[in-house]
Amino acid sequence: MGIEGKNTKWKILNSLYLLAAPIPVLNSFCLVYMYARVKNKKWFMMVWVTLVVSIALTVSSYYVGSITYDDLYDVPDEPMLTDYISQEEQEEYLKTHTRKEMKELDEYKKYSKALDDYLNDEDIQKKIIENAHHIGTIQGVNTALETSLTIYTIFVFFYISSQNYTFLDKLAQSETAPALKYGDGGKPADRIQDAATASSQTPSVQNSPELEQLLGGAPNQNNDNVQPDNPEENVSESVQSQSQTQETEPASKTDMLDINKANEEEFANLPGLTVVDAKRAIKARENSGSFNTKDEFYEAINIKPHILVKIDDLIVAGQDTGSTSNPPAAHKSRRQIDL
């Protein structure tokens, strides 16, 4: 069962990592979180790409932006009027005189001469122009780096957001299925084979009368004939008798559920199937028209091996009374206990 079986609260709680996706450098940790929860090599590679690019752009932008005017050419300061007449003296003088009259002062004339010398010095003007060019270049590079970082951060955010559905779907599958051995493409034949292997590894033990009564069956009548002088032989005969009785009494075809005619309630009443499985079976049957074999039914609802063993003798696909992948006969000779 994938993401369709999860509620909205579960989806929101497992999507909170997206809050860090718009933040440079931190968006790499979103991919780390996704890879840690659901192993995906593609996300692991994106972790390193995102981390390296984000750090490179961030550090470069900070370093270029820290270059100041003092790091370039040493240009003398432009002369100021306050170097010759203080601000207080200017204000006091302008109370009784005009600015034109102030320009006739000797101090003002010295300031004018120093300013003219500064502006007419070719070396100084050359340095000023070069500094202006360098400062413009630095500002342009810094702007380009900041813009690149912003665009890359937006790209990573949309990439992580686009992978969120895949992440939640794989996470839901890992939570609902304890072992993802078969994956999404597991075939019923593979499941039946594994069920047969597990069943063959289970030792066959003769049920005691008390256990038969607890399981709802009648005590084994063959136990009445057990002779105390050779108990091992009698136990073996009892097991063989019980096995033959069970194998000679299969469910008749009229008692089997036709999966091409069954409704949702009848599907849900099968051992181990849920309402969700029943809905999935109805939808698959509507899409394909009918199930040609039981294998198609098993694959459509992604049935698990231990449930397949329970219902294989209870269903039929139209005229097909068997499965193309021949379920193991071992499970017929012993009682199945659903723990």
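In the predicted model, leucine 257 lies in strand S1, which spans residues 257-258. With a relative accessible area of 17%, leucine 257 is buried, because the cut-off for a buried residue is under 20%. When residues up to four places away in sequence are set aside, leucine 257 touches Ala262, Glu266 and Leu270, together with Leu314, Ile315 and Val316. One of these residues, isoleucine 315, is 58 residues away from leucine 257 along the chain, yet the C-alpha atoms of the two are separated by 4.5 Å.

Helix packing was examined for helices H6 and H7. Two packed helices are described by the angle between their axes and by the distance between those axes. Helix H6 comprises residues 106-120 and helix H7 comprises residues 122-176. Their axes come within 5 Å and cross at roughly 65°. On the side of H6, the contact is formed by Tyr118, Leu119 and Asn120, while H7 contributes Glu122, Ile124, Gln125 and Ile128. Sorted by class, the residues of this contact are four nonpolar, two polar and one charged.

Charged pairs were considered next. Side chains of opposite charge can pair when their charged atoms come close.

The side chains of glutamate 264 and lysine 279 form a salt bridge with an N to O distance of 3.3 Å. This pair links distant parts of the chain, as glutamate 264 belongs to helix H11 (residues 264-268) and lysine 279 to helix H12 (residues 275-288), 15 residues apart. Glutamate 264 has a relative accessibility of 31% and therefore counts as partly exposed. Lysine 279 is likewise partly exposed, with a relative accessible area of 46%.

Helix H12 also holds aspartate 277 and arginine 280, whose side chains meet in a salt bridge at 3.9 Å, N to O. Because aspartate 277 and arginine 280 are three residues apart in helix H12, about one helical turn separates them. The relative accessibility of aspartate 277 is 14%, so this residue counts as buried. Arginine 280, at 22% relative accessibility, counts as partly exposed, since the cut-off for a buried residue is under 20%.

A further salt bridge joins the side chains of glutamate 92 and lysine 95, with an N to O distance of 3.6 Å. Both glutamate 92 and lysine 95 are exposed.

Notes. Residues numbered from 1 in each chain as written. Predicted model: local features only at pLDDT ≥ 70, side-chain atom pairs only at ≥ 80, totals over all residues. Heavy atoms only, no water. Axes fitted to C-alpha atoms, helices over the stretch in contact; angles between N-to-C directions. Helix = DSSP H or I, 4+ residues; strand = E, 2+ residues; numbered from the N terminus. Contact = heavy atoms within 4.5 Å. Nonpolar A, V, L, I, M, F, W, Y, C, P; charged D, E, K, R; others polar. Buried < 20%, exposed > 50% of the residue type's maximum accessible area, 1.4 Å probe, protein only. Salt bridge = Lys/Arg side-chain N within 4 Å of Asp/Glu carboxyl O.
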